[in-house]
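Colleague: Hi! Could you walk me through this one?
Modeller: Happy to. Here it is.

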Amino acid sequence: MPIASQEDASQDAASSSAYAAWQKAVAGVLAKSRRVDVADLPADPEHLLDSTTYDGVTVSPLYGTRDEVPERPLPGVFPFVRGRDATRDVNAGWKVSARFGVGQTDPEAVNTSILDGLNNGVSAVWLRIGGGDLPVDGLARALDGVLFDLAPVVLDAGDETVAAATAILSVLDTAEVTDRTAVQVRLGGTPLTSAFSGGQSATLSDVVTLAEHAVRRPETVRAITVDGTAFHNAGAGDAQEVGAAVAAGLDYLRALTDAGLSVTDALGQIEFRFAATDDQFQTIAKFRAARVVWARVAQVCGSPSSGGAPQHAVTSEAMMAQRDPWVNMLRTTLAAFGAGVGGADAVTVLPFDVAIDGGAAGVSKTFAARIARNTQLLLLEESHLGRVLDPGAGSWYIETLTDDLAAKAWEFTQQLESAGGYRASLDSGALASAIAETAETRASDIAHRRTPLTGVNEFPNLAEAPLPPSTATPRVKRYGAAFESLRDRSDAYLAEHDARPLALLAPLGSVAEHNVRTTFAANLLASGGIHTENPGPLTEATIAEAVRTSGARIAVICGTDKRYADEAASAVSSLREAGIERVLLAGPDKIFTDVTGSARPDGFLTAKVDAVAVLTELLESLGA
């Protein structure tokens, strides 16, 4: 055997031995924590710690050299997993995009906002037009002074897309531009994804006509935006979002080529928009996987080198909370980090109070916009995240997650294709049904608090000012909506009674004994807008006074299992005699399996309960 082979074999044996030793150690820890014998665990005990995403991707607790994959092609090379642009300016990084024109009808004011943004770090303009936003006839004035060869412009004009496109192309015709090939304009036609979300858009035929004009322009003009956020906002998982977007992209390609465009020209008319969430690794992998899947489409269509479509990342609206909105700053920071590291060409960070109609009380729109902009600038100019193309490359976890997400996304695209394509799946309801199933699973996880939302279902702040009532129809399935609806009911109760719905905590034993469960119960009830009073350790003799003083109609007994065995039944009876209408116990019902009648609590609060259902029932019983 050659010396090199002997060394390789020796290293492999050493690696296998080390891995086996690690597995043995893992088994020992798991056996102890689960109170089972090591022999009862599987041969690969570490997989007991695996988790599964909403798309069915398995995430392992640890990744190592066994997960190593061959080095990927460089950025700018098919399949573009490491980025579509090999020559991106590493001193500038991705484009810092900001949304302008939302709720503004004065072109002069919009122009002031745009120029202020560009002078303070914004490097791409996303312009909302039509409806209650900037009117089409004000577009030229709003863009006055914008250097088109330096700042890409993206239009979002709904059913006025054709008029807005005509207006901006007219502006370009007269603009003084040194290098027209450096000008990048996205006309923002979204007929297929808008058909899913219910938003307004130009027709597919109109957008195809725009694309035919766009390919003849000296500038880089793309007519179509495949808006994956439409699926994300409806509750889609990451692979579903990418898979549905790619399926829509395929339908666009068919329409464009049927109109006479070459495959290469058709591919050049499409950009993608995806949501970035606070799950940073999922976001990194999603943007990398989306490029791989779309590159595969381009390859199958015969133009693999044209498969590097631009990606516009927008921080997720679904993850944004109305309650304790300041936490959204942390969420959007993680999302922007993930999108930037994942190779998005442009990133838009939405204002932290975007989920609140009119914005957070006492917060100006300029402040919220400045925080959103500066979030990216800090990542680029202080953390220098743009200095390296694809900094996640080589990470065993990121590479594996990228491949797994790409495979799941491709599988979802194939499902839609086998059902007749994107539009057929849209018409049949198959697409909406698949996404709704994921949304329901996520909602269940949040309701059971398996998925924590800081400030919403965990660590809520009942002291924050009530939100003004909203009559707006929700456009987005926000993750915290169910809990925030409960908080809205609490706000209404507060306005009517000058106090929030109340529950009395009934601690048994010392603080050391009851503190864990009183904290748990208070946190759980507060997530539904129910205020709790904790009078301190109670005995059978002091329960009546605590009930009288508080005026509560609901009580939660809190203590240890041992204390429950000795005192819980009598505490339940005493609370009922004192006037409590509903007695709950923080903990499982194991000591009450044989107890019936008035000595049995009316319910048990554990970490496994459907908190939304329990809190809804409690609020109703309290008249909220």
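Modeller: Keep in mind that this is a predicted model. A search of the whole structure finds 11 aromatic pairs.
Colleague: How are the rings of Phe272 and Phe274 arranged?
Modeller: That pair is stacked, because the ring planes are at 10 degrees and the centres are 5.7 Å apart.
Colleague: Is Phe272 buried or exposed? And what about Phe274?
Modeller: Phe272 is buried, with 4% relative accessible area. Phe274 is buried too, at 2%.
Colleague: Which residues form an aromatic cluster?
Modeller: Phe272 and Phe274 are in one cluster together with Phe287 and Trp294.
Colleague: Okay, switching to helices. At roughly what angle do α8 and α10 cross?
Modeller: Roughly 25 degrees, and the axes of α8 (residues 238-258) and α10 (residues 280-300) come within 10 Å. Since angles under 35 degrees count as roughly parallel, α8 is roughly parallel to α10.
Colleague: Is that crossing left-handed or right-handed?
Modeller: The crossing of α8 and α10 is right-handed.
Colleague: Which residues make the contact?
Modeller: From α8, Asp238, Glu241, Val242, Val246, Gly249, Leu250 and Leu253 take part. From α10 come Gln282, Lys286, Ala290, Val293, Trp294 and Val297.
Colleague: And what is the contact like by class?
Modeller: Between α8 and α10 there are eight nonpolar, two polar and three charged residues in contact.
Colleague: One last thing: is Phe352 buried or exposed?
Modeller: Phe352 is buried, with a relative accessible area of 3%.
Colleague: What about Phe367, how accessible is that?
Modeller: Phe367 counts as partly exposed, with 27% relative accessibility.

How values were computed:
Residues are numbered from 1 along each chain as its sequence is written. This is a predicted model: local features need pLDDT of at least 70, side-chain atom pairs count only at pLDDT 80 or more; totals for chains, interfaces and linings use all residues. Side-chain values use heavy atoms; hydrogens and water are left out. Axes are lines fitted to C-alpha atoms, for helices over the stretch in contact, and angles run from 0 to 180 degrees between N-to-C directions. Helices (H or I, at least four residues) and strands (E, at least two) are DSSP runs, numbered from the N terminus. Angles under 35 degrees count as roughly parallel, over 145 as roughly antiparallel, 65 to 115 as roughly perpendicular and the rest as oblique. A crossing is left-handed if the near helix is turned anticlockwise from the far one by less than a right angle, and right-handed if clockwise. Contact means heavy atoms within 4.5 Å. Ala, Val, Leu, Ile, Met, Phe, Trp, Tyr, Cys and Pro count as nonpolar, Asp, Glu, Lys and Arg as charged, and the others, Gly among them, as polar. Rings of Phe, Tyr and Trp (its six-membered ring) pair if their centres lie within 6.5 Å; planes under 30 degrees apart count as stacked, over 60 as edge-to-face and the rest as tilted. Buried means under 20% relative accessible area, exposed over 50%, partly exposed in between (1.4 Å probe, protein chains only).
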